[in-house]
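Colleague: Could we go through this model together? I would like to begin with the sheet and then turn to the packing.

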Amino acid sequence: MGRAFEYRRAAKEKRWDKMSRLFPRLGKTITMAAKEGGPDPEMNASLRTAIQNAKAQNMPKDNIEAAIKRASSSEAENYVEVTFEGKGPHGVLIFIECATDNNNRTVANIKSYFNKDKVGANLVPNGSLEFMFSRTAVFEFEKSEDMDIEELELELIDAGMEEIEENDGKLYVYGDYKEFGNLSKKLEELNIDVKNASLKRFANDSVEFSDEQLADIEKLIDKIEEDDDVQAVYTNIA
């Protein structure tokens, strides 16, 4: 499902200086959640999750509070969520999620990244590739020494968990995106300190690419991810 690539990319991002782009994206997510469901995280599960994720990335408290305040400001941008689908170098499938206050700008920018790619990238109509990705609720937390994985599985299956996976001392819980709220609530009840909670898209069929091909693919992905309106990029890389 492309999870191995997610892990590799996450490790790589730790080495990149991406705070200049990461914090604004996290802030945008917080503002959108606060605007939609209110500024009180106790009453707004989406905002609570957004704040939790921001803290996991060491986003300063002042930045978080400023993002919440922006939601009630008369000058607050009206963000809308838009997606793009395309085929990149060597036939890799690319699904892009954006949050924008200027759709014309975002469309023009995303098109330009694909059009300028020299290894045959092109956008396709929305809906062409979406069915090839599964939208999944993902929760990440540290595995403690006294944690009984089998017992935890039994608790979480009733809340909609489909799979639990261990990688590098961390546990990842997966479920259908519709079960995000149930799983989040259950993990809170179990007093598990979730480091990151999100909705991701995993390719139903992943593909292996050579190192040379991956170099071409990552050039395009990196360019897309540099765009301020882009929130996430998903591929079918194994």
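Colleague: Which residue in strand 8 does glutamate 97 stand opposite?

Modeller: This is a predicted model. In it, glutamate 97 faces alanine 232 of strand 8. Strand 2, residues 93–100, is joined to strand 8 by five bridges, and the two run antiparallel.

Colleague: What is the strand order in the open sheet of four strands?

Modeller: The order is 3-1-2-8, with antiparallel pairing. Strand 3 (122–124) and strand 8 (230–235) are at the edges with a single partner strand each, so one side of each has no neighbour in the sheet. On average, neighbouring strands here are turned by 30 degrees against each other, direction ignored.

Colleague: And which strands does helix 5 touch?

Modeller: Helix 5, residues 103–116, packs on the sheet and touches strand 1 (80–87), strand 2, strand 3 and strand 8. Its direction makes about 155 degrees with that of strand 2.

Colleague: Where does helix 8 lie?

Modeller: Helix 8, residues 211–225, lies across strand 2 and strand 8, at about 160 degrees to strand 8.

Colleague: Changing topic: how many residues are in the largest nonpolar core?

Modeller: There are 19, and Ile94, Ile96, Ile110, Phe114 and Ile224 have the most contacts inside it. Helix 8 supplies the largest share of this core, five residues.

Colleague: What does isoleucine 96 touch, leaving out residues up to four places away in sequence?

Modeller: Its contacts include Val82, Phe84, Ile110, Phe114, Ile224 and Ala232. There is also a second, separate core of 16 residues, among them Ala137, Leu152, Met161 and Ile164.

How values were computed:
Residues are numbered from 1 along each chain as its sequence is written. This is a predicted model: local features need pLDDT of at least 70, side-chain atom pairs count only at pLDDT 80 or more; totals for chains, interfaces and linings use all residues. Side-chain values use heavy atoms; hydrogens and water are left out. Two strands pair if DSSP finds at least two bridges between them. Axes are lines fitted to C-alpha atoms, for helices over the stretch in contact, and angles run from 0 to 180 degrees between N-to-C directions. Contact means heavy atoms within 4.5 Å. A nonpolar core is a set of buried Ala, Val, Leu, Ile, Met, Phe, Trp, Tyr and Cys residues joined through side-chain atoms within 4.5 Å. Buried means under 20% relative accessible area, exposed over 50%, partly exposed in between (1.4 Å probe, protein chains only).
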